[in-house]
Amino acid sequence: MEIRKILVFGAGNFGSCLADHLADSEHTVYLWARSRDVVDSINTTHRHPKYLKEHDFPESIQAIGPELPSKEFMSEMDVLLFAVPTQYLRNALLDIKDRLDDENLPLLIFVNKGIETGTRALTLEIIADTLGKAAAKTATFLSGPSFAKEIVQRQPTQVSVSSLSIEHAQRTAEVFHQPWFRCYTGDDPIGVELAGALKNVYAIAAGIADGLGYQNNTRAGLITRCLAEMTRVGCAYGASPLTFLSLAGVGDLFLTCSSRNSRNYTVGYRLGQGEKLDVIIDTLGSVAEGVATAQGLHEIIERLGAEAYAPIAEGVYAVLYGGQTAEEMSHWLMNQPAAQRELEIPERAAPYEAIMLKLGLEAKKTGKI
Ligand SMILES: NC(=O)C1=CN([C@@H]2O[C@H](COP(=O)(O)OP(=O)(O)OC[C@H]3O[C@@H](n4cnc5c(N)ncnc54)[C@H](O)[C@@H]3O)[C@@H](O)[C@H]2O)C=CC1
Ligand SMILES: O=C(CO)COP(=O)(O)O
C-alpha cells in the first residue's frame, strides 16, 4: 500500500475516528481541530477531551489548528478528508479554497451526510460552488453503516465509496482499506449522498416509533417503507435505484434505524417520549444531521412533486418544524390512502442532469454500483 500524507478536517467523533483508522495503515496523518484544547489534548495525552474519550489515539497522529494550515503545508498533502457537518461545510471549504492548487488537487474525500439548509444543496454542489468544477468532478464520498465508536474498536465495517470519477473512488478505497474495513466503489455520488442524508431523517422516524412504544412489526415495516421512499426520491432526483440497495443505502438505513447508538434515532426516540426538540439538541452533545436535513429534504420533495411522494420524510418535517406531535404523525402516516402500490420506481430524471450540466459533464446512466 502506498503511504500517503493525509490531512483530516474536523476533529469531531467521525474525523477523529477516521484519523485513528488511517494512522493504522502507516499513512502520515494530521488532524485539524477548531479548538486549541482538542489540539493540545491529542498531541500530549493522545486522548480526545470530548469524543471517544476512552480511546487512546496513536502517537503518530499530529493535531494542528486552530489556525488554518499554510498553502505550503497543504501542497504537501496527498489526501484531504473532510469530516465537517454539512451545515458548516461551505464556510470550511471557502476558508481553505485559496490554499489549494487547482492544477494539482489532492484526493478529496467527504464523509458528511446531509443537505444544506436554505440552498437545498448536496455536497457535490457545495464543492462545485466553493472549490470549483475540477474538485467536484473528482471528489469522493464515503458513506455507509459506520459508527465511529465501532470503527475505533476495529469491528469489521463495510462502506460505499462513490465519485463521478471511478478512478478517484478506487484511490479512496485503497487509502482506507484494512482487513477490518472494506470499501465498495461506485459512480453514483449523488445517489450515495442522498442515501446518507435521507437515512438520517428516517432514523428520526424510526426513533419516534420506538419512543412511542411501538415494537418490532412497526420498526421493520417502517424501515422497509423508508427504503421505498428513499429510492423514489433518489430516482426522481436522477440517482440510480440500485444505489439504495448499497451499503450507503439500505446498509446505513438499517443501522441507524435500529440502534440507540445513532444520534438521529436518539433525537426521534426522545421526541416520541415527549421531549422538546430544543432540549434534545442542547443535551445531545454531538450533531444529528437529520434535524437540519429534514428542512432541505422537505424543499426538495416539494420541488420534485408527486414523483417524490415521501410521507415519512414529510411527517418527520412536520414534527420537527410544523408543531405536529409524534402521535399525530404516526396516526397521519397510518391513515394515508389505503391499498397503495408497494413498489414503483419512477423514471430517473432531471436534477442530477442539472448538476452534471453545471459541471460541464454529460449526464450518464449510472447503472453500476
Ligand atoms: N459519528 C459517526 O459515527 C459518523 C458521522 N458521520 C458524519 O460525519 C459528519 C461529522 O459528524 P461527527 O464528527 O460525528 O460530528 P460531531 O458532532 O462529533 O462533531 C462536530 C464537528 O463539527 C465541528 N463544528 C462544530 N461547529 C462548527 C462550525 N461552526 N464550523 C465548522 N465546524 C464546526 C466540530 O469542531 C466537530 O469537528 C456528519 O455529517 C455525520 O453525519 C458519518 C458517519 C458516521
Ligand atoms: O451515520 C452514522 C453511521 O453510519 C451515524 O449516525 P448518527 O449520526 O445517527 O449517529
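My notes on what I looked up follow.

**Ground rules.** I'm working from a predicted model, where local features need pLDDT of at least 70, side-chain atom pairs count only at pLDDT 80 or more, and totals for chains, interfaces and linings use all residues. Residues are numbered from 1 along each chain as its sequence is written, while chains are lettered from A and ligands numbered from 1 in the order in which they are written.

**Domains.** I looked up the assignment and got domain 1 (5–190) and domain 2 (200–354); such bounds come from an automatic or database domain assignment. Their C-alpha centres lie 26 Å apart. I find 22 residues of domain 1 in contact with 24 of domain 2 (contact: C-beta atoms, placed from the backbone, within 7 Å). On the domain 1 side, helix H4 (86–96), strand S7 (157–163) and strand S8 (181–186) each give two or more residues, and S7 gives the most, with 3. Helices (H or I, at least four residues) and strands (E, at least two) are DSSP runs, numbered from the N terminus.

**Ligand 2.** Which residues come nearest? Of the 13 around ligand 2, I noted Ser-146, Thr-256, Ser-262, Arg-263 and Asn-264 (near: C-beta, placed from the backbone, within 6 Å). Helices H9 (189–211), H11 (247–257) and H12 (263–272) each supply two or more residues to the shell, with H11 giving the most, 3 residues. Both domain 1 and domain 2 contribute at least three residues each.

**Gly-132.** I placed Gly-132 in the loop between helix H5 (123–130) and helix H6 (133–138). Asp-102 is 30 residues from Gly-132 in sequence, yet 8.5 Å away in space, C-alpha to C-alpha.

Notes
Contact = placed C-beta atoms within 7 Å.
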